[in-house]
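User: Hi! I'd like to learn how to read salt bridges and overall fold in a model. Could you walk me through one?

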Amino acid sequence: MCGIVGYVGEKQASDIIIKGLERLEYRGYDSAGIALMNGQMDIKKGEGKVQNLKDKLKADPIKGVIGIGHTRWATHGAPNDINSHPHVSESGKIALVHNGIIENYSSLKKELENKGRTFKSETDTEVVAQLIEEIYEQGNGTFEQAVQLALQQVVGTYGLAILNIEEPDQMIVARKGSPLLLGIGDGEMFVASDASPIVEHTKQVVYLDDGEMAIVNKDGYDVKTIEDEELTKEVHELAMSVEEIEKRGYPHFMLKEIFEQPRAISDCLRGRLNLEDDTIHLGGIADQIDKLVDADRLIIAACGTSWHAGLVAEYLFEHLAKLPVEVEYASEFRYREALIDEDDVMLVISQSGETADTLAALRTAQERGALSLGVCNVVGSTIARDTDAGVYTHAGPEIGVASTKAFTTQVSVLVMMAILLGQKRGTIDQEYAKKLIHELNEIPGKVEEILEHSDSIKDMAKLFSYAPNFLYLGRTYNFPAALEGALKLKEISYIHAEGYPAAEMKHGPIALIDEMMPVVVVAATDHTNDKMISNIEEVKAREGRIISITGEENEEVINLSEFSCPIPETEDCLSPLLTAIPLQLLSYYIAVNRGCNVDQPRNLAKSVTVE
Ligand code: G6P
């Protein structure tokens, strides 16, 4: 959600922190701020994007070789100048930035007010700064100990970077439920909530785990628990490159990421499909595959687009591996009396690997003894590290808030898992497995073909950009694709859109259809084609406008449609990998026509690390 950057070294911290905040802006963008120490605590902050902060700094620069910065996605308190981070203690000596939510902030605030402290903001974060100062001023220990004691009183989640004017060379950072990593430079150290601000400076990183803190100065770091137990942490090498997190000539990250999909899917499949002996190798779950083979049930938990990928997986695993599957919204699963035990397998799907609800669902499953597997994009993310085993999607960094290549690579992984499991469980005919494996290998080329015709979708989008509502229909594998298409449109163009299983249209949405209603029909599943044709007729009979996404040989559907986006023919169970592409392009071009901020849609965050 929010983003944190910190620097301590010999260079001016301001430029490094601002550049880092720009890299993190996809995580939150309602306000931004920076604090630098230089004998005093200089703070600049305010509502709006990082550019506003940059303008303020240009007009009135501040200096310092140690500092912290933040880009915010509001949870407590409206996005305004006062509520933006950094927040300071009453004396102004302690400044901090925070990701997460302090759940007991109002009781802590009352206690602190009773002790005479006054608060400037409505945020939970200011309470942490004041609490640390309250403890520190009692004079019973070091600043580090005051931070530890304060964090022991705090209930909730945090990623924190803290400065104290009395410790001019050091920064303290701490993590519980909100990611933080340290970047190790030469005579300088970096801190950030994800790797994107760090990668251009160093590839050596240390991931903090929950309950850990680090005392960081330019020459290094000490990691310990907040209970003061010293720790030795492994240093990891970042695999991402700076080029991967830049736009490279595209007007938006989302468009770049849509067009990256042939490459992303190829990277995802590479080394995993063996076309000579028609097998699949997924090294990340190789040690656990027997448990998956013997499982009674697979439970999939995820949020947003990743949940849609999970729904595709339900069809895949039931069809190919004959394994019962339940797909859960992670946010619901965590608060249900979910019946899950050691005979079940929990599969969590998450692009970021940091989504709070997905992480909580994972922990619940682990507590009940289930094997936990993950499908994640971000290497080294919490979910990737905390699952028993998993498969990376290798999509590369996804910056656009609306997920695109993450979805198609998740589905690619899930197809491979389902085929592999089908082979191991003896539920898939080997000829069919061979056909799927070879067809999967063709998918990047077919995605490329669809992208070559993006201009026709761009032209069509002009005609529909001002429709107030959209309906998306699909069946079987393309029902989740319809949900995903509707979500993409909602997210970035703010048009109300609903995805439905096509047959359910008769149970409600059909009442909405008239000549104003574009209906996007995802008709790329052969064995339900006749049924889809009937649904198209039902829409047309009520003057709804049909946009179809269908196989290029499906003349019947093409002829019935006002507009059609033909896709290369493929196997039904692989079709969401292709139908996703025109759906993404349609929503992208509509949003651009409406003048929307595609990469940073209002109120949304790329990675939802709070409940
Ligand atoms: C947010 C993002 C979505 C994403 C969802 C789940 O809502 O805006 O694009 O699908 O979180 O995120 P995850 O990182 O767990 O896949």
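This is a predicted model: local features need pLDDT of at least 70, side-chain atom pairs count only at pLDDT 80 or more; totals for chains, interfaces and linings use all residues.

User: To begin with, how many helices and strands does the protein chain have?

Analyst: The protein chain holds 19 helices and 27 strands. Its radius of gyration is 25 Å, close to the 25 Å given by the globule rule for 611 residues, so the chain is as compact as a globular protein of that length. The C-alpha trace spans about 80 × 50 × 45 Å along its principal axes.

User: What share of the 611 residues is buried?

Analyst: Buried residues account for 62% of them. As for contacts between residues at least 6 apart in sequence, 72% join residues at least 24 apart. The accessible surface of the chain is about 22800 Å², and 47% of this belongs to carbon and sulfur atoms.

User: Now for the charges. How many salt bridges does a search of the whole structure find?

Analyst: The general idea is that side chains of opposite charge can pair when their charged atoms come close. Here the search of the whole structure finds 38 salt bridges. One of them pairs Glu 137 with Arg 117, with the closest N and O atoms 3.1 Å apart. Glu 137 sits in helix α4 (residues 125-137) and Arg 117 in the loop between α3 (105-114) and α4, so this pair ties together parts 20 residues apart in sequence.

User: Are Glu 137 and Arg 117 buried or exposed?

Analyst: Glu 137 is exposed, at 51% relative accessible area, whereas Arg 117 is buried, at 7%.

User: Which parts does the pair of Arg 363 and Asp 210 tie together?

Analyst: In this salt bridge the closest N and O atoms of Arg 363 and Asp 210 are 4.0 Å apart. Arg 363 belongs to helix α11 (residues 356-367), while Asp 210 is in the loop between β11 (204-207) and β12 (212-217), so the pair links parts that are 153 residues apart in sequence. Arg 363 is partly exposed, with a relative accessible area of 27%, and Asp 210 is also partly exposed, at 36%.

User: What about Lys 446 and Glu 439: are they buried or exposed?

Analyst: Both Lys 446 and Glu 439 are buried. They form a salt bridge whose closest N and O atoms are 2.7 Å apart.

User: Which residues do salt bridges with shared partners join into one network?

Analyst: That network consists of Lys 256, Glu 260, Arg 263, Asp 267, Arg 270 and Lys 405. For the whole chain, the mean positions of the 57 positive and 98 negative charges are 4 Å apart.

Note on methods:
Residues are numbered from 1 along each chain as its sequence is written. Side-chain values use heavy atoms; hydrogens and water are left out. A salt bridge is a side-chain nitrogen of Lys or Arg within 4 Å of a carboxyl oxygen of Asp or Glu. Helices (H or I, at least four residues) and strands (E, at least two) are DSSP runs, numbered from the N terminus. Buried means under 20% relative accessible area, exposed over 50%, partly exposed in between (1.4 Å probe, protein chains only). The radius of gyration is taken over C-alpha atoms; the globule rule is 2.2 Å times the number of residues to the power 0.38. Contact means heavy atoms within 4.5 Å. Accessible areas come from the Shrake-Rupley method with a 1.4 Å probe; for residues, only the protein chains shown count as cover. Lys and Arg count as positive and Asp and Glu as negative; His and the chain ends are not counted. The place of a charge is taken as NZ of Lys, CZ of Arg, CG of Asp or CD of Glu.
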